[in-house]
Amino acid sequence: MDHRAFTRTMRILESRYPVEDWARGMTPFEILISTILSQSTTVANERRGLNDLRLRVGAITPKRLAETPQEEIAKAIWHAGLAKQKAPRIRGVAKALLDGHGDRLERILGLPTERAREELMALRGVGPKTADVVLAMAGGHPTFAVDTHIARIARRWNLVRQSDYESIRAALERWTPPAKRKPWHLAIIAHGRTLCKARNPRCAECPVRRDCDWYQRKRPREQRTRRVPRRSDKGLRAP
Ligand code: SF4
């Protein structure tokens, strides 16, 4: 898929999937905790873990979580999975952010994007994906966070040869205007959940299959879309 096809594809997906901003109404710290909880689980289970954690500690703030024993956090987030790994990360990040008046995260988000990204990734337990999600969803920064849906679809669209996080992010950011990074990030995730699933993607119903490299490669030869003749092809055909 080239740049033009990518832009055409994203316009189609953007109109098909209205923006569902899951972070609306959440504090930046809640968005960070929600992103940590979301690793390797479903949206429903992440939300359940977040709600149970809120019930357990009263309010999801750095202070409350830093004061809560790790075992209690692990019990509260059980539904989100990997509780034994996520609980120390959540407590560790809460403690790290608990300096001064407890507003360190807001101050980080007020920095220029690259600086803010570095500071977030310097927190133990915060990797590039978590940092990019928080930057985009909590700070309005023009980062293109890459989750499993986006990584899979970028490969299917042949956007990048490499499969590492930074290469996929760089490719998407290169072709996406800054103001579109958040809505297009959300649109690709919605597409990955709805049609372009990991197993058995529903290509027959897909509105962007015309430009999809994976579809053009995998579907039977006789069903492939006939290439629309270019202007330069005119006159080359036999009468
Ligand atoms: S055609 Fe199939 S593989 Fe390509 S984007 Fe659509 S659902 Fe995904």
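## Around the ligand

The residues around the ligand are R156, L195, C196, P201, R202, C203, C206, V208, R209, C212, W214 and Y215, where a residue is taken as near a molecule if its C-beta atom, placed from the backbone, lies within 6 Å of it. Sorted by class, this shell holds nine nonpolar, no polar and three charged residues; here Ala, Val, Leu, Ile, Met, Phe, Trp, Tyr, Cys and Pro count as nonpolar, Asp, Glu, Lys and Arg as charged, and the others, Gly among them, as polar.

This is a predicted model, in which local features need pLDDT of at least 70 and side-chain atom pairs count only at pLDDT 80 or more, while totals for chains, interfaces and linings use all residues. Residues are numbered from 1 along each chain as its sequence is written.

## The chain as a whole

The chain has 13 helices and zero strands, where helices (H or I, at least four residues) and strands (E, at least two) are DSSP runs numbered from the N terminus. Its C-alpha atoms fill a box of roughly 80 × 35 × 30 Å along the principal axes.

Of the 239 residues, 33% count as buried, a term for residues with 20 or more other C-beta atoms within 10 Å of their own, whereas those with 12 or fewer are exposed and those in between partly exposed, with C-beta atoms placed from the backbone. Among contacts (C-beta atoms, placed from the backbone, within 7 Å) between residues at least 6 apart in sequence, 62% join residues at least 24 apart.

## Two helix pairs

Helix 1 (residues 3-16) packs against helix 12 (residues 181-194) at an angle of about 75 degrees, with the axes 9 Å apart; axes are lines fitted to C-alpha atoms, for helices over the stretch in contact, and angles run from 0 to 180 degrees between N-to-C directions. Helix 1 is therefore roughly perpendicular to helix 12, a label for angles of 65 to 115 degrees, with those under 35 called roughly parallel, those over 145 roughly antiparallel and the rest oblique. M10, L13 and E14 of helix 1 meet P183, W184, A187, I188 and H191 of helix 12.

Helix 2 (residues 28-37) and helix 9 (residues 128-139) pack at about 145 degrees, also with their axes 9 Å apart. Their contact is made by P28, I31, L32, T35 and I36 of helix 2 and by T130, V133, V134, M137, A138 and G139 of helix 9, a set of eight nonpolar, three polar and no charged residues.

E166 lies in helix 11 (residues 165-175), and it counts as exposed because it has 10 C-beta neighbours inside 10 Å.

Definitions and conventions: Contact = placed C-beta atoms within 7 Å.
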